[in-house]
4 protein chains.
Amino acid sequence: MAEKMFLETVHSEGLAHISYVIGHGGQAAVIDPRRDTDAYLDIARRYQCRISHIFETHKNEDYISGAPDLQRRTGAEIFHGEGLDWGFGKTVSDSDEFALGDMLLRVLQTPGHTDDSISIVLIDTAFSDAPVAVFTGDALFLGDVGRTDFYPDRAEEVAGLLYDSIFEKLLPLGDHVLLYPAHGAGSVCGSDMAAREFSSLGYERRFNAALQVADRADFIGRKTSEHHYKPPYFSRMEEYNQHGSAPALTELPNPQPMTPEAFQQAIDNGGVVVDLREPEAFAGAAVPGSLNIPLDMVPVYAGYLLDYDIPILLVVSSTDEVPTAVRHLIRIGYDRIDGYLHDGLHGWATEGRELQTLSVVTARQLKQQLESADTSRTVLDVRKIDEYSSGHLENAVHVFLGELPRRIDEMKAIDGPIVTFCGSGRRASIASSLLRRHGITSVSTNLGSMAACIAIGCDMVVK
Amino acid sequence: MAEKMFLETVHSEGLAHISYVIGHGGQAAVIDPRRDTDAYLDIARRYQCRISHIFETHKNEDYISGAPDLQRRTGAEIFHGEGLDWGFGKTVSDSDEFALGDMLLRVLQTPGHTDDSISIVLIDTAFSDAPVAVFTGDALFLGDVGRTDFYPDRAEEVAGLLYDSIFEKLLPLGDHVLLYPAHGAGSVCGSDMAAREFSSLGYERRFNAALQVADRADFIGRKTSEHHYKPPYFSRMEEYNQHGSAPALTELPNPQPMTPEAFQQAIDNGGVVVDLREPEAFAGAAVPGSLNIPLDMVPVYAGYLLDYDIPILLVVSSTDEVPTAVRHLIRIGYDRIDGYLHDGLHGWATEGRELQTLSVVTARQLKQQLESADTSRTVLDVRKIDEYSSGHLENAVHVFLGELPRRIDEMKAIDGPIVTFCGSGRRASIASSLLRRHGITSVSTNLGSMAACIAIGCDMVVK
Amino acid sequence: MAEKMFLETVHSEGLAHISYVIGHGGQAAVIDPRRDTDAYLDIARRYQCRISHIFETHKNEDYISGAPDLQRRTGAEIFHGEGLDWGFGKTVSDSDEFALGDMLLRVLQTPGHTDDSISIVLIDTAFSDAPVAVFTGDALFLGDVGRTDFYPDRAEEVAGLLYDSIFEKLLPLGDHVLLYPAHGAGSVCGSDMAAREFSSLGYERRFNAALQVADRADFIGRKTSEHHYKPPYFSRMEEYNQHGSAPALTELPNPQPMTPEAFQQAIDNGGVVVDLREPEAFAGAAVPGSLNIPLDMVPVYAGYLLDYDIPILLVVSSTDEVPTAVRHLIRIGYDRIDGYLHDGLHGWATEGRELQTLSVVTARQLKQQLESADTSRTVLDVRKIDEYSSGHLENAVHVFLGELPRRIDEMKAIDGPIVTFCGSGRRASIASSLLRRHGITSVSTNLGSMAACIAIGCDMVVK
Amino acid sequence: MAEKMFLETVHSEGLAHISYVIGHGGQAAVIDPRRDTDAYLDIARRYQCRISHIFETHKNEDYISGAPDLQRRTGAEIFHGEGLDWGFGKTVSDSDEFALGDMLLRVLQTPGHTDDSISIVLIDTAFSDAPVAVFTGDALFLGDVGRTDFYPDRAEEVAGLLYDSIFEKLLPLGDHVLLYPAHGAGSVCGSDMAAREFSSLGYERRFNAALQVADRADFIGRKTSEHHYKPPYFSRMEEYNQHGSAPALTELPNPQPMTPEAFQQAIDNGGVVVDLREPEAFAGAAVPGSLNIPLDMVPVYAGYLLDYDIPILLVVSSTDEVPTAVRHLIRIGYDRIDGYLHDGLHGWATEGRELQTLSVVTARQLKQQLESADTSRTVLDVRKIDEYSSGHLENAVHVFLGELPRRIDEMKAIDGPIVTFCGSGRRASIASSLLRRHGITSVSTNLGSMAACIAIGCDMVVK
């Protein structure tokens, strides 16, 4: 039996980032490695392959690239697209080819999301010289296309470039070609992505809403009218990834348990408490002033809420969560994690320390209030503007969660109690914790939020 | 190099039960196996040993013995002590010996905790015919001795038997002999056990408080004045373990996720919701009427609170907890676990269903109230009577948690709000959930409880 | 974020069998479950899904279906195709549909490989009512189509049915549709399969050699001229899988270590020793009379070589291999695995027992011999007839490994030494062990075999 | 329930080294950490403890200490004994004490094995101020005492020091005290150790053969007449461990798979092939000139056989062995592991490359030869001199395996075939591979060796 031509995915949860290890004949390539690269080495060893090639489909902005570290550990060469003054690796362009056993990888320049964007076409030479799959980075997703808001001065131009990349280069590869993008549903790099990870160019050509356009101009028009948020941490990622200058990750940080006393001391010294528990637990009892970022939301929201210079102090519900939290944080450059609270909230409580509690409001209670025209409470909707526009509670005030840190003063000016609100209650809990941290005390969280309001039939305002 | 003479412990968390796999020369013995026996097979395979002997130090009352299942899976013989009409296995008595490679196991009858109690003396014949270690079951623990309250009509007699077993049979083995009992700290089979698992007969002879007695009469006097609780589920375990009649455990139950709708349906059909989350999370938001038993407390308190005929419905914070909960429950005979709530509380909340919340009270708040002589709230102390007697808050009402189900009517008769209280707040949360389940609504939980009160310096009454 | 629509593969190595767990919205379906079903339960729990549907694409002949056991453990319904008197489950036909969240599964009857063959079309209703993927069972593979030799009396008819299934039903689903068959490279259910697991209908339409036919007649002509082997164990699998009558697999067998003495005793009592080590190790030293089946070859060759009524005795290089061997064996119905040799060959040798050694011959030695026209040694080529026909050493005698047990007498009649030969030397080692077991002593194994001969440039005869 | 006072062992297989993590109250100490320290961090996190103390019972000579790396990763302080010019850490002396929760650690200077040797006494202050356990490093083992041959000029003096340490300091702690040394059976740091890991001072006092002496002089006499081998790599370990100068181990080496061609190239460039497979497999077929060191024997014999400046090339039977081999090698300072052979021997053979085979001889064949007075073959016994002296085959030539590299010329001078011989055949295989590597072709390995000869009743010569 011939050796397997393998394609393995490595998911970075939260970031909804997908990297790939592909190989044949004792060689492997990694596409878009994340910062912690052990998973790639494990896969390569399983297939007895040497990692010889690393491809970056573009200068990633939402996480630190692991390409330099992976190169150091394996000796592989790094390849990027043209158009950037890279601090490391080699530049490739259209039609450059790389053979790994029977696998042939061909470069396709697919700019638009960024100028340096490339796609990697996979050909199984044992069968044909036609492509069987393509790795599209952030050019083409399942159900969406890449965002084109990174060059505000060239908005129409780059949207047009993306159109050309997709319609002139990718789709012509053929309906039968399998599609492997760099992100799945939940990424900040696009919206409307499918909650599914298998598709083909033909399926997307026909059913990806972003491709159902009249013409190039229509496509450009739609892209330039989209609204995207850019988390503040992106600029640091871009800097790192262009120059290969992120600190080498030879070891994962190893935060130590801290007694309540040491924990309080670290808070007094300026540390920020990040409570990784679920909103219900955070509402029940928490360390005063702590920020609630449920573990799986760290990759998406930490970059909006945490300062790189402030040491992070964790509250977890189980120490098993610490290594996961560490990976989430270092992937986006937060390397300073000073410790975690020994025995969690229970340890804190048994020392008789102060606890912060938070009220929760159910959708039914909210509905009653709205129907009674009681306006004493302000509903603060922290979803993205697109979500808000497509349906929200009457009189709800909108501030996107990621912008809340800069708009705290507005929040302080609100009269009366605030009920935080989002899609399901989890971002609302983050918002509540942030408000409380800034001294706004009359805050409650609407668990269930939009999903629950729909389920029980609240009236909605569109736009 | 000679093959290793191994001694591996298998802990059943919560039960604080310790079983042992020992072996040499390709053969192994298991001492006091629990119901789920896969761990023993894994250890035996690691050492390439055939499990040939199973010893039961006594008819265990706090969990289902795995001896019959382990016999079925390995062909090993089962050995018990005299004095019971056993439904399976063989009976051994003083000086019976079994050789496994260089390891010689000698039976020592050590009645007192039960009539059939035996200890197993381990001799390494490669070095000496003197004992090097002894497995004492529930006769002698680290820091305590076995309880002797199982034969109320023969209280003094059996206490005396235990004295003889310890002072005439075990201690004479020699100070140098290592001690391996069937339970560690946290077990319901004794109290005052050391939070340590390594000791010797000599260390216990000198520093085990229960052995520092004037004479046999003194020992008997102390033992007969002890107070122990006997959970209602013990009688079922005893029945099973005497006759080997527990259902064969060929597969672990496999509870399925249930939609909120199916979950509600199952509640309506008579199921009991057991919420395994931490007290803080339970306080924050819970399914109305659910019972809070934090996962690690299931082995000790489920047997007081759950009926064998009522299907169990789980609420977890992570699906990883389901297999652990299943093992905790089947070890004490709860095989009917119908499902768990899909997506937990978050799934429940996003459907807009009703939530139950619970107030928490801090030790500081309690202290203030007590100092202000505010008597509107009743402190309900649910610790064991021994804990209560050694120090409690003034005017605290005492009802042991295990007795609470039968004393709900008394609780309903209490005027005004109730604050539940225990050692650290976790049993208090169980109590609060039970009161709420029975319609008592004005209930709050004192997180931290006794530990916190001591930490901040509340006044205590010693009974 | 919406819940993920997942598609997970479960590989049964050796069988090259691929089963699938797919799901959405809290429900999951399993397609073609194998006998040991724990992997499906683990995946379902990871996604918090209830396994509600089980599909069998056809009555599998190469392994025992796990559908009945999986139904028992989950309550899921089982669905098969028409045309068989099934002993369990429900029969479905064209256009039957099943919804799991946004996922819609539609049945397509695709007979040919067997009459009851069905394919399952997957539609993501969130995007379109057009198919995105199809599970084709043994109708269409990557690089090949299913074998059609199971109804010898209807050879042309069923080949024609398969043509219709593929060209009239599957390919019309569209080039863009992803393809998920029940087998990959290495299966006995087809040949020429791709050493790759990702493809689409469009890619196969263009590059699958079996589909590049002039017309229906051409397809039928080619299929009916193929040669396939049918291992004797298939009939037992078919019997089991039609009636759901395989023994329930509540627990995996748990073979115990055996001392050399007990091992010899078990051999004397009629057991067969199966040595799972690599050919090099087997050549170096082995238990006399043992059969060498390297661990990963057990699924494919055990069914040719082992009798269901004879207890199996294992020799392993590490006890970690025992659980893998057990799974390999029970998947094809060998439940009687009596034990494994304690400490392997080393344990056997240190007791001074007899050892069997086997000579190895390198390709260079073979080449020299051939070039010197030395005909004293007979090269016994045990590959499949197709492999042999496409190139073999001059004067090599061909007997397919699977037929060797019935043709031992011919082998005994060969004069002079025999050199066994195959694709790379591993089947050759099995053959050598079989000849030795039957008293043919002058046997050596050509490590490297065909691959090595090609590498060093031996002369080859075609046909 | 109080927090557990834990004692966890970390075994370094092959080295038979045992390190310990002990702790209470949120703090932990590590005793004698090895170079790869991840295991300690994992244990500490499991108990939510901060590693605050690192103790080195002496300057270890048989592996690289992980103390500096562990300090870097945790901030813990390092403590050693007096009498050395340490390049790092703090020096402690008799009666220095350290509290970790209820656990009190007291230093006891116990020189003899080395001048700086200390023992750590463990006291559970919750029960008593008497010791419950002691960590004795290389002073006192189970069944033996430490070797005292490291100061040849002061042989009697240091043997006397060890006597005093054991009889004046350790044993007086009391019979009841549990014993935790730094090595178990199989270590090069002593012989006659028990194949058991649980004992007490009282048991050793009575049954440890090395302690059954008439008086101090008798003890000294015995110790100074012992024979120990000192592997050449010890001096590098001593240098590293005194100065803390071993390279920091931030990442484990990550050897890559190599094609047969690249492997041959690396051999030609001076690399040494280390074949980690079992002797039977090595005998069956091997890369010409390779050294056979079965995986578990690497820690003990690599230091005799491998040069630090020569790159190591591995042959494994499974890639799972690579990480284990890497750990074995880096623990003794072999950091340059250039790669492993892709697809092992099978990959080598299928390229038609040359194979080396080795004859094996059974004990029965050897016996026959000896009984027939056939002296054509030389039996080369490579055991330790003590083993040889206590019983060997007549006319067997003795050269300890560790000395064989320096005595190859003598071996070349032997007339006729050589049969290598040891305790069970595994060291014999190493010896055979070494002889073959140096051009001695007529070599065979006696699988089973001494153990088999005893089993079948060969005549033995004592002394």
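## The mixed sheet of chain B

Two strands count as paired if DSSP finds at least two bridges between them. On that basis, this predicted model has in chain B an open sheet of five strands, ordered S7-S8-S9-S10-S11, with mixed pairing. Strand S7 (97-100) and strand S11 (178-181) of chain B stand at the edges, and each has a single partner strand, so one side of each is without a neighbour in the sheet. From one strand to the next, the twist averages 25°.

S7(B) and strand S8 (residues 103-109) of chain B run antiparallel and are joined by four bridges. Within S8(B), Met103(B) is the residue that stands opposite Leu100(B). Helix H3 (residues 155-170) of chain B packs on this sheet. The strands that H3 touches are S8, strand S9 (118-124) and strand S10 (131-137) of chain B, and the direction of the helix makes about 140° with that of S8(B).

## The parallel sheet of chain A

In chain A, five strands form an open sheet with parallel pairing, in the order S17-S21-S20-S18-S19. The edges are held by strand S17 (359-361) and strand S19 (397-398) of chain A. Each of these two has a single partner strand, so one side of each is left without a neighbour in the sheet. Strand S20 (residues 418-421) and strand S21 (residues 443-446) of chain A run parallel, with three bridges joining them. Thr420(A) faces a residue of S21(A), as it stands opposite Thr445(A).

Two helices of chain A pack on this sheet. Helix H12 (residues 363-371) touches S17, strand S18 (378-381), S20 and S21 of chain A, and its direction makes about 70° with that of S17(A). Helix H15 (residues 426-437) touches S18, S20 and S21 of chain A, and its direction makes about 145° with that of S20(A).

## How the chains are related

Chain C is superposed on chain D by a rotation of 180° with 0.0 Å of shift along its axis, at an RMSD of 0.0 Å. This is the relation of a two-fold axis. Of the interface residues of chain C, 100% are also interface residues in chain D, so the copies meet through the same surface.

A rotation of 180° with 0.0 Å of shift along its axis also places chain C on chain A, with an RMSD of 0.0 Å. In chain C, the C-alpha of His176(C) is nearest the axis, 2.3 Å from it. Again, 100% of the interface residues of chain C are also interface residues in chain A, so these copies meet through the same surface.

## The second largest pocket

The second largest pocket holds about 1,100 Å³ of space. Its lining has 40 residues, and those nearest the centre are Asp38(B), Arg73(B), Asp38(C), Leu252(C) and Arg327(C). Chain B gives two or more residues to the lining from helix H1 (38-46) and from helix H10 (321-331). In chain C, the elements that do so are helix H1 (38-46), helix H2 (67-74) and helix H10 (321-331).

By residue type, the lining of this pocket divides into 18 charged, 16 nonpolar and six polar residues.

Methods: Residues numbered from 1 in each chain as written. Chains lettered and ligands numbered in written order. Predicted model: local features only at pLDDT ≥ 70, side-chain atom pairs only at ≥ 80, totals over all residues. Heavy atoms only, no water. 1 Å grid on protein atoms, 1.4 Å probe; cavity = no way out; pocket = protein on both sides within 12 Å on 5 of 7 lines; lining within 4 Å. Points joined across faces, edges and corners; volume = space filled by probe spheres on them. Nonpolar A, V, L, I, M, F, W, Y, C, P; charged D, E, K, R; others polar. Contact = heavy atoms within 4.5 Å. Axes fitted to C-alpha atoms, helices over the stretch in contact; angles between N-to-C directions. Least-squares fit on C-alpha atoms with pLDDT ≥ 70 in both.
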